[in-house]
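Take a walk through the model shown here.

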Amino acid sequence: MDLLNALVALTNFVLVPGLAYGSQLALGALGVTLIYGILRFSNFAHGDTMAFGAMVTILITWAFQSMGLSAGVLPTALLALPFGILGAIALVLLTDRTVYRFYREQKAKPVIFVMVSLGVMFMMNGIVRFIIGPGDQRFADGERFIIKARTFKQMTGLNEGLAIKTTQGITVITAIIVVAVLFWFLNKTRTGKSMRAYSDNEDLALLSGINPERVVMYTWMIVAALATIAGVLYGLDKSFKPFTYFQLLLPIFASAIVGGLGNPIGAIAGGFIIAFSEVTITYAWKKVLTYGLPDSLAPDGLVQLLSTDYKFAVSFAILIVVLLFKPTGLFKGKAV
Amino acid sequence: MTETMKHTLLFVFVGVMILAEGATDFLFFSGSWNSALVILNMGLISAIMAIGVNIQWGFAGLFNVGIMGFTALGGLAVVLVSTPVIPAAWSSGGVSIVMALVMGALTVVSAVMITKFMPAGKLRMLVLSAVMIVGFIVYRAIFDPAVGSVEAINPALHGNIGGLGLPVLLAWPAGGLLAAGAAWLIGKTALGLRSDYLAIATLGIAEIIIAVLKNEDWLSRGVKNVVGLPRPLPYEVDLQSDPSFVERAASWGMDPVTASTVYVKAGYALMFTMVLLALLWMAQMALKSPWGRMMRAIRDNETAAEAMGKDVTRRHLQIFVLGSAICGIAGAMMTTLDSQMTPGTYNPLRFTFLIWVMVIVGGSGNNFGAVLGGMLIWFFWIKVEPMGILLMELVTAGMAEGSALKAHLLESASHMRLFTMGLILLLVLRFSPRGLIPEK
């Protein structure tokens with residue numbers, strides 16, 4: 001029995017990756033939930049908005065790298081991020097003007113909006129593949145690790161190493177900053193308050209003189225920023241591939257629904273719930289249990305509940321359980 | 001009769017396009033009858049899928065984005081029904097696998113029963129988790145060793161439990177049944193909630209079905225693929241060595257190789273057309289029947305229909321299962337046509353969202369519209385690539401030879417497909433939301 005080593009192994013393989021992935025999902029789910037709260041539809045193009053923002057960031061990053069500009073130990077992508085956000089904002093505002101606004105004026109049913117968002121998804125997907133291609137792109141640079149496994153072992157004298165990638169650290173810190181700014185914006189500023197009012201009761205908000213087009217515009221801008229940040233963080237942490245971003249839709253939707261669609265706090269909680277369930281259920285617990293249990297109880301097998309290929313199944317199963325028992329989500333969302 | 005004229009002309013247009021594909025190599029046409037028949041065959045299958053989706057969306061307003069999953073289940077049915085029996089697999093672990101699956105199903109059923117019949121509270125939670133945990137452990141204990149022994153049998157060729165060795169045509173209805181079963185499970189949980197939820201639930205189940213097919217090697221060999229599935233039609237090589245066929249080919253003035261390939265593809269086209277016509281006839285009858293009118297009444301106003309005593313959730317479940325079954329049949333037909341099962345090739349953009357474009361463009365709520373949309377959009381899906389390359393050659397004609405931009409543009413032209421499909425979908429939704437052949 002060696003609790004300290006068990007704890008380190010747990011942190012290394014479950015806690016740190018779970019935290020980073022959870023932050024990325026939370027940022028993605030915040031975007032979905034904001035669209036749902038204000039525009040009242042599930043945006044299937046969200047994954048591809050993330051891919052587009054990340055793509056612009058990657059292109060700018062490459063330009064910076066060729067100019068010799070860098071952020072030292074941090075990835076250059078952080079310098080390029082504001083440009084990526086601007087690009088994504090331009091794209092979503094353009095789609096809103098040319099596509100969604102027409103259906104808003106028609107007061108179309110939500111399912112029509114969903115279908116329209118499918119068309120937008122196709123086009124964005126096509127644009128991204130057209131510009132950067134369908135393959136894998138790596139754009140992370142700077143220092144790779146905050147703590148290396150070997151350094152940690154030397155420092156503490158433990159058997160187990162703890163490695164924290166720079167990208168994981170950046171992901172968590174950025175997520176905290178972004179969420180703090182978002183909540184400050186929603187709760188303290190005039191625009192944020194009008195957004196919440198519009199989300200709570202559209203008619204009442206209109207009566208009190210809130211301009212719906214302005215609310216919608218700000219929502220899209222915030223969503224584009226959130227999507228780009230989530231997309232770039234995910235791309236830095238893993239790698240950028242257009243199709244993976246499309247596949248992220250499922251865990252992102254699951255996070256938003258588990259937390260309660262339309263509820264920002266729920267989206268964050270949902271993101272971490274989904275991320276930690278995916279990581280814990282697909283992790284092989286042999287190592288941790290061997291350290292943590294007395295020798296006589298040590299497991300023979302891998303003690304892996306499901307193989308990693310089934311991580312989608314995990315988010316889906318949680319989604320189904322929540323839909324069955326609490327369709328409004330854990331934090332009282334709008335949808336029933 | 002101008003409406004009917006217009007709609008007939010649309011079908012004639014698709015027919016002419018496919019004929020032109022075979023007859024000329026002008027612009028983007030290839031001038032090969034083989035290629036024309038390939039497009040026709042997949043077009044017919046797409047039309048069947050579109051009918052399935054149209055039943056769900058056009059009749060009842062259900063938004064299903066898991067078509068890929070039901071199609072893949074149809075493909076799985078072909079493997080399970082038509083591949084030869086592997087006795088060694090059954091004697092070593094096949095029985096245990098089936099037992100393990102039954103155990104798993106029993107666990108789920110008893111969990112559902114417990115939630116239904118026990119009063120809510122701590123006790124129920126305890127019993128429920130105990131049943132789930134014990135069930136899972138027993139399931140894995142039986143399942144894992146059995147899978148190991150099945151996958152160890154001749155892994156280069158088999159390594160799976162094989163099939164039943166039945167005629168491949170039986171796999172088509174079996175594919176429908178398999179898809180219907182999955183649809184029943186998913187409909188039971190997600191129907192009756194908001195329409196978006198069904199969309200997300202079906203999106204999820206489709207991904208999971210593909211993940212299962214890719215990873216459960218004992219079932220369909222996973223990404224190792226099952227090739228050489230039995231065919232309902234003779235092989236081309238056999239035809240070419242058959243003297244009477246060679247003689248007949250000569251009398252048509254064709255060389256035996258082309259004649260045999262065209263013969264087989266035309267045979268498939270005939271079979272698919274028969275299935276399509278049968279399903280189309282059934283869908284038309286259903287639409288015109290009181291049942292169909294009730295479905296449309298539910299679609300147009302659920303509250304009113306419910307007030308008239310219609311069980312909306314039950315009817316939704318019924319139509320969801322029916323539509324998914326049709327997608328399953330189409331999936332089985334597709335796998336038969338390819339005579340191989342390749343789980344790696346299932347992609348939601350191609351197998352789910354493209355079908356949606358077909359239904360919307362053709363005209364949701366109209367079965368003939370779905371068929372037209374299926375054939376037309378499939379033709380464009382194939383032909384957008386050569387069209388895009390033509391367009392890019394035109395655009396880049398003035399650019400300097402060997403410039404990086406020109407090379408990139410020419411290289412990326414093939415990605416125009418998704419963009420074009422999205423554009424078509426948005427344009428139709430905006431300017432002609434009722435589609436080419438609107439609902440009557």
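At what angle do helix α3 and helix α6 of chain B pack, and how far apart are their axes? This is a predicted model. In it, α3 (residues 67-82) and α6 (residues 171-190) of chain B meet at about 135°. Their axes lie 8 Å apart. Angles over 145 degrees would count as roughly antiparallel, and those from 65 to 115 as roughly perpendicular. The angle of α3(B) to α6(B) is therefore oblique. The crossing of these two helices is right-handed.

Which residues make this contact? From α3(B) come G69(B), F70(B), L73(B), G74(B), L76(B), A77(B), V78(B), V81(B) and S82(B). From α6(B) come A171(B), A174(B), G175(B), L178(B), A179(B), A182(B) and A183(B). Twelve of the contact residues are nonpolar and four are polar. None is charged.

Now step back to the whole of chain B. Chain B holds 18 helices and two strands. Its radius of gyration is 25 Å, close to the 22 Å that the globule rule gives for 440 residues, so chain B is as compact as a globular protein of that length. The C-alpha trace of chain B spans about 75 × 60 × 50 Å along its principal axes. Of the 440 residues in chain B, 44% count as buried. Consider next the contacts in chain B with a separation of 6 or more: 81% of them join residues 24 or more positions apart.

Chain A has 14 helices and two strands. The radius of gyration of chain A is 21 Å, close to the 20 Å from the globule rule for 336 residues, so chain A too is as compact as a globular protein of that length. Along the principal axes, the C-alpha trace of chain A spans about 70 × 55 × 35 Å. Buried residues make up 48% of the 336 in chain A. Among contacts in chain A with a separation of 6 or more, 76% are between residues 24 or more positions apart.

Where do the two chains meet? The contact takes 35 residues from chain A and 33 residues from chain B. On the chain A side, α3 (77-106), α4 (110-132), α11 (249-259) and α14 (311-325) each supply at least two residues. Helix α4(A) gives the most, with 15 residues.

Note on methods: Residues are numbered from 1 along each chain as its sequence is written. Chains are lettered from A and ligands numbered from 1 in the order in which they are written. This is a predicted model: local features need pLDDT of at least 70, side-chain atom pairs count only at pLDDT 80 or more; totals for chains, interfaces and linings use all residues. Helices (H or I, at least four residues) and strands (E, at least two) are DSSP runs, numbered from the N terminus. The radius of gyration is taken over C-alpha atoms; the globule rule is 2.2 Å times the number of residues to the power 0.38. A residue is buried if 20 or more other C-beta atoms lie within 10 Å of its own, exposed if 12 or fewer, and partly exposed in between; C-beta atoms are placed from the backbone. Two residues are in contact if their C-beta atoms, placed from the backbone, lie within 7 Å. Axes are lines fitted to C-alpha atoms, for helices over the stretch in contact, and angles run from 0 to 180 degrees between N-to-C directions. Angles under 35 degrees count as roughly parallel, over 145 as roughly antiparallel, 65 to 115 as roughly perpendicular and the rest as oblique. A crossing is left-handed if the near helix is turned anticlockwise from the far one by less than a right angle, and right-handed if clockwise. Ala, Val, Leu, Ile, Met, Phe, Trp, Tyr, Cys and Pro count as nonpolar, Asp, Glu, Lys and Arg as charged, and the others, Gly among them, as polar.
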